[in-house]
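Please look over the structure below before reading on. The text then walks through some of its features.

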Amino acid sequence: MSGIPKSKRAESKLEALHRAYALRKKITAELMVTFGYSQRKFEEHISKITAHIEDDEERAKTSKIIRELEENFDCWFIKRERDRIADFCQGISEHLRAANTIYPDPKNPAFDAEVTERRIEMDRALICCNKLQDELQYLAEVLPADKNKFMNIVLEIQDEFNIIKKLRQSDNRFRKS
């Protein structure tokens, strides 16, 4: 047990990994409820598209066609995006775990290679964070869903990105030795 109060301790090297798991859990919950996809927002979307049609009967017919086309598209599209997002979430924790299993030893002849490989794994985790943010940004624009849910998740991903960057910068201690 450390004599340093918890509030004064430096962040654990595994904190980034624990946060990645928590983020993955949160995003998985969102994936399960289809990205906050809302039938009400879907209907509002159709109303906007058909607002220019003056004849009520023609508007109803057009709305029905759009509804059928978009529902098929949305099922395919959402399934595809779920898979991509799940892969990116997995990639963050996967690469962080890989980086944390590499602890370069200056006495080891492969020291430079280990330092480089550890950095590459952290870079890959950062890349997954960026890809995940891009996908969520795209979904927020394309799907009739609650954009606030996406924004909160994107901000958490940005926090995770910053923690990984700090962890990567702290690895400069290996270069000094």
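The paragraphs below take up confidence, salt bridges, a histidine and a pocket.

The model is predicted. The chain averages a pLDDT of 84, and 86% of the residues score at least 70. Confidence is highest in helix 4 (residues 111-142), with a mean of 92, and lowest in helix 6 (residues 172-176), with a mean of 75.

Side chains of opposite charge can pair when their charged atoms come close. The structure holds 10 salt bridges. In one of them, Arg 118 and Asp 171 meet at 2.5 Å, N to O. Arg 118 belongs to helix 4 and Asp 171 to the loop between helix 5 and helix 6, so this pair ties together parts 53 residues apart in sequence. Arg 118 counts as buried because its relative accessibility is 3%, and Asp 171, at 7%, is buried as well. Salt bridges with shared partners join Arg 118, Asp 171 and Arg 173 into one network.

Another salt bridge pairs Glu 156 with Lys 26, their closest N and O atoms being 2.3 Å apart. This pair links helix 5 (residues 147-170) to helix 1 (residues 15-32), across 130 residues. Glu 156 is partly exposed, at 30% relative accessible area, and Lys 26 is partly exposed at 34%.

His 95 sits in helix 3 (residues 56-100). Its relative accessibility is 15%, so His 95 counts as buried. Beyond its neighbours within four places in sequence, His 95 contacts Glu 121, Arg 124, Ala 125 and Cys 128.

The largest pocket has a volume of about 190 Å³. Helix 2 (residues 39-50) gives the most to its lining, with four residues. Among the lining residues are Lys 41, His 45 and Pro 144. By class, the lining has four nonpolar, one polar and four charged residues.

Methods:
Residues are numbered from 1 along each chain as its sequence is written. This is a predicted model: local features need pLDDT of at least 70, side-chain atom pairs count only at pLDDT 80 or more; totals for chains, interfaces and linings use all residues. Side-chain values use heavy atoms; hydrogens and water are left out. On a 1 Å grid over the protein atoms alone, a cavity is a set of points where a 1.4 Å probe fits but cannot get out, and a pocket is an open set with protein on both sides within 12 Å along at least five of seven lines; lining residues have an atom within 4 Å of a point. Grid points are joined across faces, edges and corners, and a volume is the space filled by probe spheres set on the points. Helices (H or I, at least four residues) and strands (E, at least two) are DSSP runs, numbered from the N terminus. Ala, Val, Leu, Ile, Met, Phe, Trp, Tyr, Cys and Pro count as nonpolar, Asp, Glu, Lys and Arg as charged, and the others, Gly among them, as polar. pLDDT is the predictor's confidence in each residue, from 0 to 100. Buried means under 20% relative accessible area, exposed over 50%, partly exposed in between (1.4 Å probe, protein chains only). Contact means heavy atoms within 4.5 Å. A salt bridge is a side-chain nitrogen of Lys or Arg within 4 Å of a carboxyl oxygen of Asp or Glu.
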